[in-house]
Amino acid sequence: MRKALGYILSPLHYIAFGLLLLVFHPLQWLSLKLGGYKAHKKTVDIFNLCLLTTYYLLGNSVSFTQRFDLPTGRPILFISNHQSMYDIPPLIFFLRRYHAKFISKIELTKGIPSISFNLKYGGGANIDRKDSKQAIAEILKLAQRMKANNWSAVIFPEGTRAKTGELKPFSAGGIASIIKKVPNVLIVPIAINNSWKMVRYGTYPLNTFINMSWTVLKPIEPQGLAIDELIKETEKAIHDHIQSLKPTQA
């Protein structure tokens, strides 16, 4: 039934999603030219709020839970599992007060209205996965901006999307680089659950009436922890939270 409804509701979602991409592209350009970073960021925040509301056109729901009081005057590295491209808008919007930046594939900086513009000018890191030197340099530049501006970053250490929701092993790469460059960074795990189900059948039809959740877990102070130890602790926190939700998954 959900798949059948997807054939009917997916066009509504894609039309709304596409229109938002087209409308917010010139708005981003205008806000950046007239108001600089602050105005551009506000536009991007509103843009991503609008994007995540298109999930509701499919009957899907978004739940974001943050029980911990996180600092805004200190860089934060949010470490999250990654299940689909639909992970991103809720993270951008709900973490907006922390100026969370993303590490993205450089290919995404071209050809996608609004999204490519934000990746180019939003302050994140755009890496070439085929060029390790370029990738490391970009991540270090992001780390420097985090340190200078008390910005935060979101990193997906699985390296690719977990298309069945099963957690893949975390790698240390970008995490180690950022911690080394930003020694006062706070590590905050985020567990994403069920967003993979939205694309269970691929890009068409999209799945319907899925309860998706983004949960901010207990912060971890990295000082005194070896990178491998930190990665294991973060991975375990996310894994355990997702496992705890399984009996009640829709």
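This is a predicted model: local features need pLDDT of at least 70, side-chain atom pairs count only at pLDDT 80 or more; totals for chains, interfaces and linings use all residues.
Residues are numbered from 1 along each chain as its sequence is written, and side-chain values use heavy atoms, with hydrogens and water left out.

Let's begin with the overall layout. The chain holds 7 helices and 7 strands, where helices (H or I, at least four residues) and strands (E, at least two) are DSSP runs numbered from the N terminus. Read from the N terminus, the order is α-β-β-α-β-α-β-α-β-α-β-α-β-α. The radius of gyration is 18 Å, close to the 18 Å from the globule rule for 250 residues, so the chain is as compact as a globular protein of that length; the radius is taken over C-alpha atoms, and the rule is 2.2 Å times the number of residues to the power 0.38. Along its principal axes, the C-alpha trace spans about 50 × 50 × 35 Å. Of the 250 residues, 48% count as buried, meaning under 20% relative accessible area with a 1.4 Å probe and protein chains only.

Now look at helix 1, residues 2-53. A straight helix of 52 residues would span 76 Å at 1.5 Å a residue, yet helix 1 spans only 19 Å between its end C-alpha atoms; the expected span is 1.5 Å times one less than the number of residues. At glycine 35, helix 1 bends by about 145°, the angle between axes fitted to the seven residues ending there and the seven starting there. Serine 31 also sits in helix 1. Serine 31 counts as buried because its relative accessibility is 11%. Leaving aside residues up to four places away in sequence, serine 31 touches Gly36, Ala39, His40 and Thr43, a contact being heavy atoms within 4.5 Å.

At the N-terminal end, aspartate 131 caps helix 4, with a side-chain oxygen 3.3 Å from the backbone nitrogen of lysine 133. After helix 4 comes asparagine 150, with a positive phi near 55°. Which residues of helix 4 are buried? They are Gln134, Ala135, Glu138, Ile139, Leu142, Ala143 and Met146. Their cover includes strand 2 (76-80), strand 3 (100-105), strand 4 (125-127), strand 5 (152-155) and helix 5 (173-181).

Terms used. Buried means under 20% relative accessible area, exposed over 50%, partly exposed in between (1.4 Å probe, protein chains only). A polar contact is a pair of N or O atoms within 3.5 Å; within protein, one must be able to donate a hydrogen and the other to accept it, and residues adjacent in sequence count only if both atoms are side-chain atoms.
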